[in-house]
Amino acid sequence: MLFRPSISAAILGGLSLLPTAYCSPVISSSEKYLNKRISFDGSSSITLALNTDFPDPAFVQHTDGSWYAFGTNGNGKRIQVAYSTDFESWSLLDVEALPTLSGWETEPDHWAPDVFRRSDGKYVMYYSAIVSSNPNRHCIGVAIADSTNPAGPYIPTSTNPLACPLEQGGAIDASGFQDSDGTRYILYKVDGNSVGHGGDCNNSVEPLAATPIMLQRVAEDGVTPLGDAVQLIDRDDSDGPLVEAPSLVRADDGTYLLFYSTHCFTDAKYDVRVATASSVAGPYSKNGVSVLASNDELYGPGGATVSNDGNMLFHGWCNGNSVRCMYAAQMDVSGGSPFVE
């Protein structure tokens with residue numbers, strides 16, 4: 001089934017957001033728990049988790065066992081927050097996770113946040129935002145919660161972005177990863193299609209720009225870069241205009257599984273694939289197989305975040321293909337050939 005929503009429906013953000021005062025996490029009265037089952041290739045674990053605009057979801061588990069999800073700007077918030085006790089039923093919280101901005105960034109875009117908990121109990125958020133000095137570029141920011149509450153508020157840590165390769169197009173889609181030896185990394189996409197020459201996602205007209213996925217080692221604080229970033233994968237003809245939305249896990253057998261999306265997010269070909277490696281820095285091998293793809297129930301699934309225990313959140317078009325809802329699922333990550341359970 002082909003699916004090609006209008007560009008106006010696909011634009012991330014779209015409204016300039018004013019700072020919102022922080023309030024305690026409160027479940028929005030308009031949100032209802034959802035349990036609609038979605039099938040993909042025989043799977044039984046996929047559920048429609050939030051029936052509202054919540055793109056690029058990531059998640060973290062609180063010390064009390066509950067879950068917090070974070071999404072791209074929408075529903076009147078720069079960074080959205082959702083809550084669950086079981087990872088299947090979720091509710092949107094009336095919380096602004098990022099009430100203040102750093103000096104390098106500006107409105108309206110705040111995309112693809114990712115959060116992890118440090119050993120000191122603090123929660124750290126990565127996100128991408130527009131560079132105030134160059135409104136055609138996005139770069140990676142870092143913010144730290146001012147308490148041990150995963151919902152925040154998160155306060156930017158620096159007047160400079162963590163990763164900002166402006167000449168190559170900037171950077172988006174940051175995600176954290178901690179290896180089995182405790183070493184921390186941040187992954188991100190060099191946003192090369194922002195300097196492309198037009199077409200799908202501005203990068204299907206020759207010459208096509210590179211959109212590599214990068215791996216940067218950071219200190220335990222999650223903020224301080226150590227050494228230089230290394231490239232893990234880049235787009236090829238089978239990926240369409242780009243690769244993006246990296247999420248890295250280490251399988252039980254020691255294989256590194258790099259989940260990522262291909263094609264344009266407005267296209268039915270948008271999907272989730274995986275590349276594998278025997279060491280964290282690669283080399284990574286693609287198999288070209290979609291672990292999530294469009295079918296009669298899913299439309300443009302992507303932007304997935306996967307954890308080492310197989311929990312997964314991703315977005316897909318919904319509500320007449322007008323917004324991207326959040327879906328929850330379980331991924332088998334025990335070996336080198338992961339699949340949705």
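**Close-up views of a predicted model**

**View 1. The annotated pair, Asp56 and Glu244****.** In UniProt, an unreviewed entry gives the annotation "active site" to Asp56 and Glu244. UniProt positions follow the numbering used here, feature names are shortened, and annotations may be inferred rather than shown by experiment. The two are spread over 189 residues of sequence, yet they cluster in space, with a largest C-alpha distance of 10.8 Å. Of these residues, Asp56 is included in the lining of the largest cavity. This is a predicted model, in which local features need pLDDT of at least 70 and side-chain atom pairs count only at pLDDT 80 or more, while totals for chains, interfaces and linings use all residues. Residues are numbered from 1 along each chain as its sequence is written, and side-chain values use heavy atoms, with hydrogens and water left out.

**View 2. Asp56 in its loop****.** Asp56 sits in the loop between strand S2 (46-50) and strand S3 (58-61). Strands (E, at least two residues) and helices (H or I, at least four) are DSSP runs, numbered from the N terminus. Asp56 counts as buried because its relative accessibility is 13%. Buried means under 20% relative accessible area, exposed over 50%, and partly exposed in between (1.4 Å probe, protein chains only). The side chains of Asp56 and Thr72 are joined by a polar contact of 2.6 Å. A polar contact is a pair of N or O atoms within 3.5 Å; within protein, one must be able to donate a hydrogen and the other to accept it, and residues adjacent in sequence count only if both atoms are side-chain atoms.

**View 3. Glu244 in strand S15****.** Strand S15 (residues 243-250) holds Glu244. Glu244 is buried, at a relative accessible area of 9%. Its side chain makes a polar contact of 3.1 Å with the side chain of Lys189. Leaving aside neighbours within four places in sequence, the residues in contact with Glu244 (heavy atoms within 4.5 Å) include Ile172, Asp173, Tyr260 and Tyr270.

**View 4. The largest cavity****.** The structure holds one cavity of 30 Å³ or more. About 120 Å³ of space lies in the largest cavity. On a 1 Å grid over the protein atoms alone, a cavity is a set of points where a 1.4 Å probe fits but cannot get out, and lining residues have an atom within 4 Å of a point. Grid points are joined across faces, edges and corners, and the volume is the space filled by probe spheres set on the points. Of the 14 lining residues, Ala112, Ala174, Ala245, Pro246 and Thr305 are the closest to the centre. Strand S7 (105-117), strand S11 (171-178), S15 and strand S19 (302-306) each give two or more residues to this lining.

**View 5. His110 in strand S7****.** His110 has its place in strand S7. His110 is buried, with a relative accessible area of 0%. A polar contact of 2.7 Å links the side chains of His110 and Glu105. Beyond four places in sequence, His110 is in contact with residues including Thr72, Asn73, Tyr127 and Ser128.

**View 6. Arg184 in strand S12****.** Arg184 lies in strand S12 (residues 184-190). Arg184 counts as buried, at 8% relative accessibility.

Conventions:
1 Å grid on protein atoms, 1.4 Å probe; cavity = no way out; pocket = protein on both sides within 12 Å on 5 of 7 lines; lining within 4 Å.
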